[in-house]
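Hi everyone, thanks for coming. Today I'd like to walk you through the charged pairs in this structure, so let me put it on the screen.

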Amino acid sequence: MSHVNEYKIKLLVLWDILCRFTDEEHPMNTDEIIEKLGEKGIASSRKVLAADIALLNEYGYEVLSFKKKYHYYYVANRPFDTAEIVLLSDVIKASKLTASQKNNIISKLSGTLCSYQAMLISKNIVSFDKGKFGNSSFIYSVDGIERAINDNKQISFKYFDYDEKHNKVYRKNGKRYCANPIIMVWNKDNYNDAIHTEDTFKKKLRTMLGHLCNRKGWKYVGVWERSPKKQRLHFHGIFYIPDVTVLGKMTDVESYSFSERKRQITKQSEYFNLHFGRNDFRPIENKTHIGEAVAYILKYIEKSGEKIVYSRGLPQYFISDIMDDDIAGRIGLEDKKLLLFDDFVCWDEGCYMGEVSKEVIAQMRKSN
């Protein structure tokens with residue numbers, strides 16, 4: 001591209017990049033923007049980029065910024081809010097247009113959003129019925145629940161009824177309900193957020209895992225943990241999942257980690273997204289990963305004081321003193337492991353328990 005043409009088109013391409021790839025949750029730093037411009041054949045530098053963004057702001061194309069280690073930029077104001085796109089998309093889905101016409105119009109609407117927002121809204125709405133949305137103030141409730149789903153946060157709200165004089169009468173004496181939103185459902189002219197309380201979340205997850213262990217051969221060990229900032233209940237676990245029993249489709253989801261200051265890709269199960277909300281799966285591919293996973297679980301046990309939970313059928317390890325006469329040899333790295341004879345004797349803190357057997361093992365102290 002010639003220098004003259006590059007100069008003419010640069011601001012337009014820059015604005016397009018910022019609109020398509022940034023929002024409040026997904027800012028881009030200077031180097032990332034320069035890289036994107038380079039992919040379009042446009043050269044830039046940090047100093048020139050800062051001047052170009054200042055020029056956009058001067059002419060009413062608002063680009064917000066903040067500084068951590070690097071300068072970050074993002075576009076916040078758009079023709080439609082996320083909640084407005086969600087509402088309009090459901091109206092279109094409920095229409096009598098053909099599937100291709102619906103997809104074409106929804107694609108045009110989603111094009112006004114950041115690519116990350118467009119991807120997220122398609123996951124959180126299920127259309128069961130045709131109908132109309134409510135009044136304008138309802139949009140803000142939809143937007144709040146949508147953000148809570150995507151940010152993996154709890155919501156709180158008050159229920160009320162109207163008395164004969166049309167005054168609000170709050171349930172539970174005005175106390176707030178707290179819940180974990182999972183998905184929003186458009187049904188009979190309204191949105192309903194399919195939610196779990198902590199009790200139902202625990203009960204349903206443990207019931208489902210129990211069925212998977214009994215019927216599909218899954219095994220797991222894990223711990224419950226409440227995040228200190230968001231106060232949201234999580235389950236951290238290590239799972240053995242036979243290949244043929246994976247539930248639903250595993251999807252690579254890209255997001256931005258402010259703690260690590262970089263974009264990250266996590267694997268999420270569509271089945272767990274539907275029934276329990278946000279989830280992250282990471283494959284354990286070698287012994288190092290096993291050690292890291294165990295350390296991760298132990299960290300939450302120590303931090304929260306929660307008891308470990310696990311499926312039936314896991315191998316258990318017992319504690320026993322070992323006599324020299326029972327050692328057949330030493331194995332492993334630096335000979336730290338002992339190979340024992342099949343008829344070794346079990347001792348518990350100096351107390352003779354008997355020759356190893358199922359009955360004796362049942363009496364021994366366990367390490368897990």
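**Salt bridges, pair by pair**

Let me start with Arg20, which is partly exposed at a relative accessible area of 39%. One thing to keep in mind as we go: this is a predicted model. Arg20 makes a salt bridge with Asp16, and their closest N and O atoms are 3.5 Å apart. Asp16 is partly exposed as well, with a relative accessible area of 34%.

In total, the structure holds six salt bridges, and I've picked a few to show you.

Next up is Arg46, which forms a salt bridge with Asp31, with 3.0 Å between the closest N and O atoms. This pair joins distant parts of the chain: Arg46 belongs to helix H3 (residues 46-58) and Asp31 to helix H2 (residues 30-39), 15 residues apart. Asp31 is partly exposed, at 36% relative accessibility.

Now, please look at Asp348 and Arg365, whose side chains meet in a salt bridge at 3.0 Å, N to O. Here too, distant parts of the chain are linked: Asp348 lies in strand E17 (residues 345-348), Arg365 in the segment after helix H11 (358-363), and they are 17 residues apart. Is Asp348 buried or exposed? With 17% relative accessibility, Asp348 counts as buried, whereas Arg365 is partly exposed at 35%.

Technical notes: Residues are numbered from 1 along each chain as its sequence is written. This is a predicted model: local features need pLDDT of at least 70, side-chain atom pairs count only at pLDDT 80 or more; totals for chains, interfaces and linings use all residues. Side-chain values use heavy atoms; hydrogens and water are left out. A salt bridge is a side-chain nitrogen of Lys or Arg within 4 Å of a carboxyl oxygen of Asp or Glu. Buried means under 20% relative accessible area, exposed over 50%, partly exposed in between (1.4 Å probe, protein chains only). Helices (H or I, at least four residues) and strands (E, at least two) are DSSP runs, numbered from the N terminus.
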